[in-house]
Amino acid sequence: MVTQRQGQKLEVTGSGGDMTGARGYSEYTAQLRQLTTDAAAGRTVQPRRLLASVDGEASEQLRRLVPLQYRRQVGAFFTPAPLKQRVTELLLRHRANSYLDPTCGSGDLLLAASNVLPIQNSLAATLRDWTDRLYGCDINREFVEAARHRLFIAALLRHGVARDEQVTSVETGRYFSNIVVGDGLNSLSKADSFTGHILLNPPFGVMSSSLSREWTSKPTSTAAIFAYQAVRHLAFGGRLTAILPDVLRSGSRYQSWRTLVDEICARESIITYGQFDDHADVDVFLLNARRVTPLAEHRPATEWWAPEALPLTGPRIGDYFTIRVGTVVDNRDPTEGPIYPFAKARDLPPSGEVSLPSGRRKFAGRVFEPPFVLLRRTSRPAKPGQSRVCGVLITGKNPVAVDNHLIAALPKDHSIESCRALLGVLASEPTSEWLDNRIRCRHLTVGAVREIPWRDLADFS
Ligand SMILES: C[S@@+](CC[C@H](N)C(=O)[O-])C[C@H]1O[C@@H](n2cnc3c(N)ncnc32)[C@H](O)[C@@H]1O
C-alpha cells in the first residue's frame with residue numbers, strides 16, 4: 001500500500017474528485033491516437049499540436065483528467081520539461097543501445113532518451129529501430145498507450161513530419177511493443193541483466209516490502225526500493241539516471257540505503273535540483289551512476305550530500321557546540337515540575353539576542369543552562385541574499401525549557417563569545433550554501449547542524 005509521507009510529491013494545486021483511477025486519461029489518449037492516425041494517413045496535422053503533445057500537454061491533461069487522490073496514490077507526476085532537459089544532457093554524455101523506464105508514465109523520460117537516439121533513413125526504419133531500443137512499463141494502461149503515441153510523434157517530428165508510405169497504421173501493438181502494462185518492480189527483478197541505461201522517476205510514496213529488508217525492516221520510500229532494484233537489475237557497465245526525493249540523498253535514515261547503492265554502483269554525478277515543479281512540492285536530486293562489479297575498487301570519496309564543492313575536512317560546529325533537539329513536546333508533556341522560562345519558536349525574534357524567553361512552563365524533564373543558541377528546525381532552502389538559518393542567543397542566568405521544534409547549540413566552553421561567533425557562522429552565505437547542498441528537506445537535523453563547517457569571524461570581514 002502506498003501512503004503519503006515526507007518525500008512524496010504533493011501537488012499544491014489541482015482538482016480533487018472521485019477515485020476513478022486513470023480511466024479519464026483515455027480521453028487524452030484518444031486525441032493522441034487521432035493525431036498519429038491522421039499523420040500516418042497523410043492528413044494535415046498542425047505541427048503546433050504535435051509539438052505540444054511531446055511537451056507539457058501530457059502533464060496538463062493528467063491534472064485535468066485524473067483525480068488528485070489517484071495521482072497521489074500511484075505517484076503519477078510526469079517529468080516536467082526543464083528536468084527532462086537536464087536528463088537529456090546527462091544522456092548525451094554516454095549514449096547507450098537501449099533505455100528502460102520501469103515506471104514510464106506517458107513516456108517523458110523515454111522521450112528524453114529518444115532525443116539522443118539517431119534517426120534512420122525513413123520514418124518506418126526509425127520507428128523499428130526505436131522499438132528495439134526503448135523499454136518501459138507502467139501499471140496504468142492509459143499512460144502506456146500515451147507513451148507509445150508520443151514516441152511515435154517524436155519520431156515524426158525528427159523526420160520533419162514527412163509522410164512515409166510504409167507507415168500506414170499506428171496500432172499501438174505494432175510500434176513500441178516493449179512498452180507494456182505491468183509492475184515495474186517485476187520488470188527489475190532479474191539481477192545483473194540489463195545492459196543499457198535505466199531511467200527512473202518512480203512514485204515517491206512509502207511502502208512495506210521485503211525488497212527493502214537489506215536496509216530497513218520498516219515501511220520505506222518507494223523511490224528507494226525502485227532505485228535499488230534498478231541498480232541491481234543493471235549488468236556491469238550499465239547506467240542509471242534517476243530523479244529521486246532529496247531525503248534519499250540527505251536524510252540520515254537512508255544512510256544504509258546509500259551505502260548499499262555505493263557497494264554496487266560508481267556515482268558519476270549527483271545534481272541537487274530543487275522543487276520538482278510548480279505542481280509538486282518536493283525537492284529532488286538527479287543521481288547518475290554506473291553499475292560496477294562488487295569487487296571493483298571504487299570506494300566513494302564523498303558523501304552523497306557532499307559534492308566536490310563541500311569541504312569534508314576542517315573544524316565543524318559540532319567540535320565547539322553540543323547540538324540537541326529541544327526536550328519539551330508541549331502538547332504531550334504534563335505541566336508538572338518546576339516553572340521555567342519556556343522557549344517556543346513562535347515567541348522568539350527571528351534572530352539576535354534575548355535575555356530569557358517570555359513564556360513560562362512547568363516541566364519535569366531536561367532543561368538548558370544559558371548561554372546557548374536556538375535554531376528553528378524548519379527552514380526552507382535559502383533565497384538569494386537570505387540566510388538559511390538564523391540563531392537566537394539566550395543570555396540570561398536561569399535554566400530554560402526548550403520546545404522540540406527548536407535545536408539548541410550549547411557551547412562547550414560555556415562562553416557568550418562562542419555563541420556570538422556561532423550567530424555569525426550561521427548567518428553567513430557559505431553556511432547557507434553549504435546547508436542547501438547538505439539538506440534540502442525542510443527539517444534541519446542535529447547531524448546536519450553538527451557538520452556545518454566552522455569559520456572564524458575574520459573570514460567574513
Ligand atoms: C512519477 S510518475 C513518472 C512517470 C515517468 N517516468 C516520467 O518521468 O514522467 C510515476 C509513474 O509510476 C507509475 N507506477 C506506480 N506504481 C508503479 C509500479 N508498481 N509499476 C510500474 N509503474 C508504476 C504511475 O502510474 C506513474 O505513471
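So, which residues have the most contacts inside the largest nonpolar core? Hold that thought while I set things up.

This is a predicted model, where local features need pLDDT of at least 70 and side-chain atom pairs count only at pLDDT 80 or more, while totals for chains, interfaces and linings use all residues. Residues are numbered from 1 along each chain as its sequence is written, and side-chain values use heavy atoms, with hydrogens and water left out.

Okay, the overall picture. The protein has 16 helices and 17 strands; those are DSSP runs, H or I of at least four residues for helices and E of at least two for strands, numbered from the N terminus. Of its 461 residues, 55% are buried, meaning under 20% relative accessible area with a 1.4 Å probe, protein chains only.

Back to my question. The largest nonpolar core has 91 residues, and the ones with the most contacts inside it are Tyr25, Leu134, Phe176, Leu240, Leu244, Leu248 and Trp257. By nonpolar core I mean buried Ala, Val, Leu, Ile, Met, Phe, Trp, Tyr and Cys residues joined through side-chain atoms within 4.5 Å. Helix α8, residues 141–158, gives the most to this core, with 10 residues. Apart from that core lies another, of 25 residues, including Ile317 and Leu435.

Let's zoom in on Leu134. Leaving out residues up to four places away in sequence, Leu134 touches Tyr99, Leu110 and Phe176, among others; a contact here is heavy atoms within 4.5 Å.

Last, the cysteines. We count zero disulfides, a disulfide being a pair of cysteine sulfur atoms within 2.5 Å. For Cys137, the nearest cysteine sulfur belongs to Cys104, 6.9 Å away.

Key
Buried < 20%, exposed > 50% of the residue type's maximum accessible area, 1.4 Å probe, protein only.
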